[in-house]
Amino acid sequence: MSENSIAPARREQLVLGIIGTLAFLLVWETAARFDLINPVVVSNPTRIAAAFVSQLQSGEILADLEVSLIEFAAGFGLSLVVGIGLGIAMGLNRLTEYAVDPFVWFLYSSPLIAFYPLIIVWLGFGFATVVAITFLLSFVSVVVNTVAGVHGVDPQLVRAVRAFGGGRLDVIRKVILPAAVPLIIAGMRIGLGRALHGVVLGEMFSSNAGLGYRITFYAAHLRTADVFVPLVILVVIGLMINQLGNAVEARLQAWRA
Amino acid sequence: MGRLDLEHLSLAYAQRSGAFLALADIDLSIRDGEFVTIVGPSGCGKSTLLMLIAALLAPTSGSVRLDGRLVTAPGSDRALVFQDFALLPWRTVLANVELGLELKGIPAQKRNAIAREHVAMVGLGAFERSYPHQLSGGMRQRVGIARALAVEPEVLLMDEPFGALDAQIRQVMGSELLRIWERGRKTILFVTHDIDEAIYLADRTIVMSASPGRIIADIPVTLQRPRPLDIRNDPAFTAYRQRIWDLLQREVMASNSWEQPQRAAVS
Amino acid sequence: MSVPDISAVTQAPVGSGSSRASLASHRFARAVVGFMAVALFLIAWQIVGGNEIIRSDLISYPSEVVETLFQMSASGELGSNLVVSLQEFIQGFLPAIAVGIAAGTAFALSRRLHYLFEPLIVALNTSPIIAFVPIVVVWFGVGTQSKAIMVFLAAVIPIVINTMTGITQVHESWIRACRAFGASKSQVILKAILPGALPSVMVGVRLAVGRAVVGLIAAEMYVSVRGIGRLIQVYSTSERAAEIFVLVAVVASFGFVLVTLLRRIEGAIAPWSLEP
């Protein structure tokens, strides 16, 4: 496909997307202005914009953002370390895999949101709980995909390294780990999204700081316009994470056909 | 130098339906610098034989000796070239050729120089930085050959190296291989199911029976060297072909694979 | 799905038939080791919790959990809340399937329409759906309606996306085959596109279940009169680990049962597509 045939399609995509969004905002605003919907309860774009400005000025929302990001980094980082480590151990050692697999499968198939009260019982309210929930939600997809990545290695490549005199460590370092990377990255991407869920969940129900908490705080005070500020920020973060994931995946797979 | 002695070599392994004898009592001596081809019906164990020499498998009985020393573990004195190339897809051509050298512990600068030399020797100098997926099948196998030669093995073990290439490329690669071989005259053990290829390349062709694999003929090939591509039309060549075909036909008909479906591959 | 044992690769004979024998023994070993690991875990749990080595109201123990399960079922606590949750789930999920398939089809057929709505789809897909719970509750009240809406929002997106991909990725060759035998446009849709897209749609529905359950529980936890989520919330402040485990099991089973059911339906409707 030549560059020329891509550009107009993408422009069309962008333009229509913007038109769609603007149209939606316009309809919303108009409905509120004409009292078709209750502006206090439902809010409208102009009010939300004003709320944005005032919250940014007060700086409060930035403090919440910082808290959320720290919790996110901690929980996700932990899930990577444990998830990839465990995944590799399981992938390389059959006994470990067979023994740990039932538990991983259980965590994978259950809606982990149900574990949230247990974590509160154990860790109380606050930072530790949010990080723990984030870790739990994210770590499962990292493990599952890492194991799949290690298993998916072409045995012929292992044989090649062995044939040239490579020992077990060489095989792991030179074949298994690099070959597992694409699936590990895929697991990380899914984990990223789930970690964000975890942070929001934790903050909404068991914290008094962070974007998730701020949403419930404003909602409880029926300050609908203010609710949208942390909400929109979270949506934007979600979008950015998704884009980041795409870019990383594309970069690390330059060697794939 | 590259002298291989196989004595009473056998391999049997356990299956649900009892023991399966893959190779039965192989006795073979290969002189330094000989180009020996092994041809036989599918499943006769010729690839297994290579794996035993490479020490990726251990024999049930018998021994493999290289220059009199018993072979017990894989090493760079016997280098393998695989049918499906077995290149690491995330490494460039150059990095792939360096693999064996890395495993020998050779320092980076020296590795790089040796690798570049061998990449150039197989005619891929312009593709040092390319990735395997960007190359054709023939080019990929040339990388495989370069990788094997780079570690300066005593013996080159080639397991149906051109099996995955189309017929025309196969012939060209064969003459390429001979050109490279003429320069260093390493001992080569070359497994194939293609009779013409076996005769064209060899100083000596070993014909194996259907499983359990045995050597049923050891045929010196005294055609001129260097071998032009059209030598395949020579009457002498045709005589070899006929002789080997007769032997193999008997084996193929007698073997299980004619009457029964192939053992299914494990997915 | 076979698992190549990396260490065994270099020992098994090349192209061997022995692999088939070892595959069966692998499956057996997997089951045995897995079973033993779970059994050991349960035994350890029973000992530690039952003997108060760690406070049993923090971690409970298997026999207490089972006992509590019976108690909660007998008292009707479990049953009545489960019914409410199920109702809310169905009220939100069925419309999500209908709207999702309709919208996904429309978007697949009209690229322009797709681009108009794309920002909305992407935003809902990549953002944490839980964050919308408070707003939805403010708008739709504390009753079952807001829960159903959350289920709808969570479920509709994967269904739309998967329907779209399913339709656009129908093999050209199937369409061509129909056309070659003289099919009209509507016949092509009926005979090639719909069946071809079906597996993808089913995958989308399966994905939607997971998300929908999360949305439902979160909404019920936030505020509600009845429902499993509310039970979870109530017990989370009570340090009654046994009850919590029962609820965990209930929610987990709910998701599991639904997904298994969907797989069966998938197998019946579109047997050619089932992945292992």
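This is a predicted model: local features need pLDDT of at least 70, side-chain atom pairs count only at pLDDT 80 or more; totals for chains, interfaces and linings use all residues.
1. Confidence by element in chain C follows. The lowest confidence in chain C falls in helix H1 (residues 6-9), with a mean of 38. The highest is found in helix H8 (residues 144-168) of chain C, at 92. Taken as a whole, chain C has an average pLDDT of 81, and 87% of its residues score at least 70. For the complex, the predictor reports an ipTM of 0.83 together with a pTM of 0.76.

2. Chain C has 12 helices and zero strands. Its pattern along the sequence is accordingly written α-α-α-α-α-α-α-α-α-α-α-α. Of the 276 residues in chain C, 39% are buried. When contacts in chain C between residues at least 6 apart in sequence are considered, 71% of them join residues at least 24 apart.

3. The domain assignment divides chain C into domain 1 (19-69) and domain 2 (74-273). Taken over C-alpha atoms, the centres of domain 1 and domain 2 of chain C are separated by 32 Å. Eight residues from domain 1 of chain C and seven residues from domain 2 of chain C take part in the contact. On the side of domain 1 of chain C that touches domain 2 of chain C, helix H3 (56-59) and helix H4 (62-74) of chain C each supply at least two residues. H4(C) gives the most to that side, with four residues. By class, the side of domain 1 of chain C that touches domain 2 of chain C holds four nonpolar, two polar and two charged residues.

4. Which chain does chain C touch through 48 residues? The partner is chain A, which brings 54 residues into contact with those 48 residues of chain C. On the chain A side, at least two residues each come from helix H1 (3-33), helix H2 (39-42), helix H5 (94-109), helix H6 (116-123), helix H8 (155-163), helix H9 (168-206), helix H10 (211-220) and helix H11 (224-252) of chain A. The side of chain A that touches chain C is made up of 35 nonpolar, 14 polar and five charged residues.

5. Chain A also meets chain B: 15 residues of chain A are in contact with 19 residues of chain B. Helix H2 (residues 93-104) of chain B contributes four residues, the largest share of the side of chain B that touches chain A. That side of chain B comprises 13 nonpolar, four polar and two charged residues.

6. Chain B is likewise assigned two domains, with domain 1 covering 4-77 + 155-258 and domain 2 covering 87-152. The C-alpha centres of domain 1 and domain 2 of chain B lie 25 Å apart. The contact between them involves nine residues of domain 1 of chain B and nine residues of domain 2 of chain B. On the domain 1 side, helix H5 (residues 167-184) of chain B gives the most, with three residues. Eight nonpolar residues, one polar residue and no charged residues make up the side of domain 1 of chain B that touches domain 2 of chain B.

7. An open sheet in chain B consists of four strands in the order S2-S1-S4-S5, with antiparallel pairing. Strand S2 (18-30) and strand S5 (69-70) of chain B are at the edges, and each has a single partner strand, so one side of each has no neighbour in the sheet. Strand S1 (residues 4-15) of chain B is joined to S2(B) by nine bridges, and the two run antiparallel. Gln15(B) stands opposite Gly18(B) in S2(B).

8. Another antiparallel pair in chain B is formed by strand S9 (residues 204-208) and strand S10 (residues 215-220), over five bridges. A hairpin through six residues joins S9(B) to S10(B). Thr205(B) has Ile219(B) in S10(B) as its bridge partner.

9. Is helix H1 (residues 46-53) of chain B buried or exposed? Eight of its eight residues are buried, so H1(B) is largely enclosed by the rest of the structure. The buried residues of H1(B) are Lys46(B), Ser47(B), Thr48(B), Leu49(B), Leu50(B), Met51(B), Leu52(B) and Ile53(B). Ala55(B), which follows H1(B), has a positive phi, near 65 degrees.

Terms used:
Residues are numbered from 1 along each chain as its sequence is written. Chains are lettered from A and ligands numbered from 1 in the order in which they are written. Two residues are in contact if their C-beta atoms, placed from the backbone, lie within 7 Å. Ala, Val, Leu, Ile, Met, Phe, Trp, Tyr, Cys and Pro count as nonpolar, Asp, Glu, Lys and Arg as charged, and the others, Gly among them, as polar. pLDDT is the predictor's confidence in each residue, from 0 to 100. Two strands pair if DSSP finds at least two bridges between them. A residue is buried if 20 or more other C-beta atoms lie within 10 Å of its own, exposed if 12 or fewer, and partly exposed in between; C-beta atoms are placed from the backbone. Domain bounds come from an automatic or database domain assignment.
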